[in-house]
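Please look through the sequence and the model shown here before reading on. The notes that follow are grouped by topic.

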Amino acid sequence: MARHKMAIHVGNVFVGSETGLLKGVDLEKKACHNLNNIQDVNRTQEICALCWGNREETEVCVGLRNRLVKTYSTEKNEFIECMECAGGSGNITGLAKYNNHFITCVQSGLVQVWNDQEDKKIEINAGENICCMRQNPQQPFLIATGGKENPLKIWDLQNPTEPMFKAKNVKNDWLNLRVPVWVLDMQFLPDSKKIATCTGHHQVRVYDPSASQRRPVLEMEFDEYPITAMSLTSSGNQAVIGNTHGNMALIDLRKGAMVHCYKGFAGAIKSIQCHPTQPLVASCGLDRFLRIHNIDTKALVHKIYLKSRLNCLLFRSEWQSDGLSGKDRNKDNTSENVESGFHSDTDEDEVWEGMEVVGSKQSKSNTGNEDSEKGRKRKTTKSDEKHNSSLKKKQKQV
Amino acid sequence: MAAESVDSGSMAQKPNIFRIKNKIRRAEVYKEMKKEQRKIQKKEKKRKMVEAKALGDKAPPKKIPRTIENTRVYDETMVNSLDEEVRKDEAEDEMSTYFNRKTTPKVLITSGDKPRTRTNQFCKELKKCIPNSQIYYRRGLDLKKIIPQAVSKDFTDIVIINEDSKEPNGLVISHLPDGPTAHFKMSNVRLTKQLKRHGAMTGHMPEVILNNFNTRLGHTVGRLLASIFPHDPDFHGRRAVTFHNQRDFIFFRQHRYMFKNAKRVGLQELGPRFTLKLRSLQKGTFDSKFGEYEWVHKRHEMETSRRKFFL
């Protein structure tokens with residue numbers, strides 16, 4: 001691909017694959033572009049972890065199997081930094097950024113915070129067989145680690161010698177046998193100290209460090225296969241989980257019950273991410289497809305074939321549109337689009353209110369145009385009027 | 001059976017067959033009607049042929065009948081052979097060591113616990129069919145324990161034949177160092193002695209023919225099946241093993257071919273014959289509980305269209 005062509009591609013979703021390719025997917029165009037060259041990569045550069053490099057989400061940090069961490073800049077469309085994380089063994093299982101320093105975690109349990117001179121600032125030994133490390137998005141000095149026979153531990157980077165919270169295993173099961181531990185993914189719940197984990201023994205557990213117990217506050221089971229990926233919805237009460245058999249479901253973390261399942265997967269789900277504002281959830285897995293579902297309606301919004309097995313993904317909060325189609329299309333425009341969508345919702349409500357009882361069918365577009373200016377004012381009473389108008393309609397029909 | 005299809009013939013009056021309550025008489029009238037229909041169709045066909053010959057080049061083109069394969073739902077995972085990414089992916093996948101000629105296949109054949117006669121016979125035929133293979137009795141051992149031992153003894157593949165109701169009905173092929181595991185449903189198993197006019201199998205290296213493995217998943221399965229057989233076929237032995245994929249069913253046949261002249265070939269079937277259908281493809285060696293699945297057949301979600309296939 002020529003350099004000038006690469007400059008145009010804007011991604012909404014970044015997906016890392018097993019072959020080592022970082023792909024940027026433009027959802028409006030349903031197109032995907034390889035952000036690095038196919039000739040340059042091989043299996044040893046399999047992408048194991050992805051994270052945002054900065055708050056503006058213009059830099060993507062990529063953790064590779066050969067323990068390199070590369071930073072890709074979306075503005076310049078090239079890899080700008082490369083860092084080697086020596087120490088420990090196994091591939092990179094977690095990557096995060098704290099005060100512009102990288103936090104890396106490898107499978108043997110060595111968590112390191114690197115400073116600018118590629119020197120270790122802080123080193124933590126989190127036990128063996130780590131499967132996942134996550135950073136609290138609201139309190140970036142807190143990280144959580146967990147793995148196979150390695151219970152959940154929360155570390156405070158300001159006091160790295162001992163974990164701030166170490167979870168205790170649940171009680172023996174009904175046969176009085178020890179329940180095995182295998183933490184595969186975890187998420188910090190927003191606005192609280194709680195943390196939710198999903199395990200390889202198909203359990204989802206919620207821990208609360210501020211509560212008096214070290215055992216999970218909530219435990220629920222889902223299906224019969226290891227749950228490999230988890231992501232919280234924007235509300236924070238619900239989570240989307242996916243397992244190795246290709247079942248993805250929305251569960252309620254307060255009730256401890258499944259709300260509904262998403263369909264269409266054929267292979268194991270490796271990574272899920274919910275969008276922070278829109279009700280969309282992106283998922284990728286071993287069946288080489290990137291799927292975007294609507295969280296509430298379960299509808300499949302996008303399904304894109306990305307020829308390699310996919311390992312991890314990043315969902316951008318604000319969707320940028322293509323620079324090709326004109327310079328006036330920029331971030332402001334996309335936020336306008338979001339607002340006009342909001343308008344159309346109130347338009348529909350106006351239609352219900354504006355409709356006459358005696359059944360003269362006015363076309364939606366006419367009433368919509370008339371009432372769009374009054375949209376905001378009637379917001380508070382729209383539910384009542386809707387109810388009234390629907391009642392009137394029922395009476396008319398009877 | 002009583003309802004009548006529209007026929008192209010010029011029947012003046014279609015008898016209302018379903019009004020005849022007597023089954024024997026109804027069947028007779030139906031037979032007569034079908035005979036008439038067939039006669040008319042034959043006449044039409046002959047007329048068309050004569051016309052086409054008479055017109056020569058100006059004849060209207062032959063109509064292509066609609067088949068399910070013709071009208072297959074567009075699959076975006078169909079592999080384009082020039083696709084760089086797929087090529088790179090395949091050049092580095094688990095079976096690439098076979099295709100790069102770094103390993104030669106050594107196959108371990110086993111069955112479920114306490115196999116019945118038919119399964120045993122089938123295993124023995126498979127052993128004859130696949131060169132460089134060995135049969136081991138299962139004896140109740142765990143597969144997860146067998147696999148590391150097989151790896152240490154340099155086996156490259158393990159083939160497990162599952163049986164139910166005294167018939168072999170499942171096949172698990174696991175490529176060994178860390179390769180994918182495919183679980184197939186096996187049906188229509190015919191041993192050599194059940195085939196008519198079968199030939200005697202010899203030990204020559206067979207030629208492997210893989211038909212119709214077009215999608216990305218099909219590619220992986222095709223490579224897995226091909227990596228069981230040795231690289232270089234012995235053309236002198238004229239033995240061919242075919243895996244033909246049609247509508248997601250993989251048909252296994254073994255033939256001895258003989259060219260009678262440049263255009264005609266004689267085929268003699270040897271060896272067992274069976275049909276496979278892929279149930280799941282799992283990344284890594286056999287681990288049905290904790291393994292990650294690359295593809296799982298989900299009947300109610302996937303079988304929504306009769307014209308959608310995955311391999």
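In this predicted model, chain A and chain B bury about 2600 Å² between them, 47% of it on carbon and sulfur atoms, where buried area is the accessible area (1.4 Å probe) that two parts lose on being put together, summed over both. The contact, meaning heavy atoms within 4.5 Å, takes 36 residues from chain A and 26 residues from chain B.

**Across the interface**
- Between chain A and chain B there are 9 salt bridges, each a side-chain nitrogen of Lys or Arg within 4 Å of a carboxyl oxygen of Asp or Glu.
- Arg309(A) and Glu94(B) meet through their side chains in a salt bridge, at 3.4 Å from N to O.

**A covered helix**
- Among the buried residues of α6(B) are Leu217(B), Val221(B) and Leu224(B).

**Confidence**
- The model scores ipTM 0.80 and pTM 0.79.
- Chain B averages a pLDDT of 89, and 95% of the residues score at least 70, pLDDT being the predictor's confidence in each residue, from 0 to 100.
- Over residues 1-10 of chain B, however, the pLDDT is below 50.
- Where pLDDT is low, the predicted coordinates should not be read in detail.

**Conventions**
- Residues are numbered from 1 along each chain as its sequence is written, and chains are lettered from A in the order in which they are written.
- Local features need pLDDT of at least 70 and side-chain atom pairs count only at pLDDT 80 or more, while totals for chains, interfaces and linings use all residues, and side-chain values use heavy atoms, with hydrogens and water left out.

Notes
Buried < 20%, exposed > 50% of the residue type's maximum accessible area, 1.4 Å probe, protein only. Helix = DSSP H or I, 4+ residues; strand = E, 2+ residues; numbered from the N terminus.
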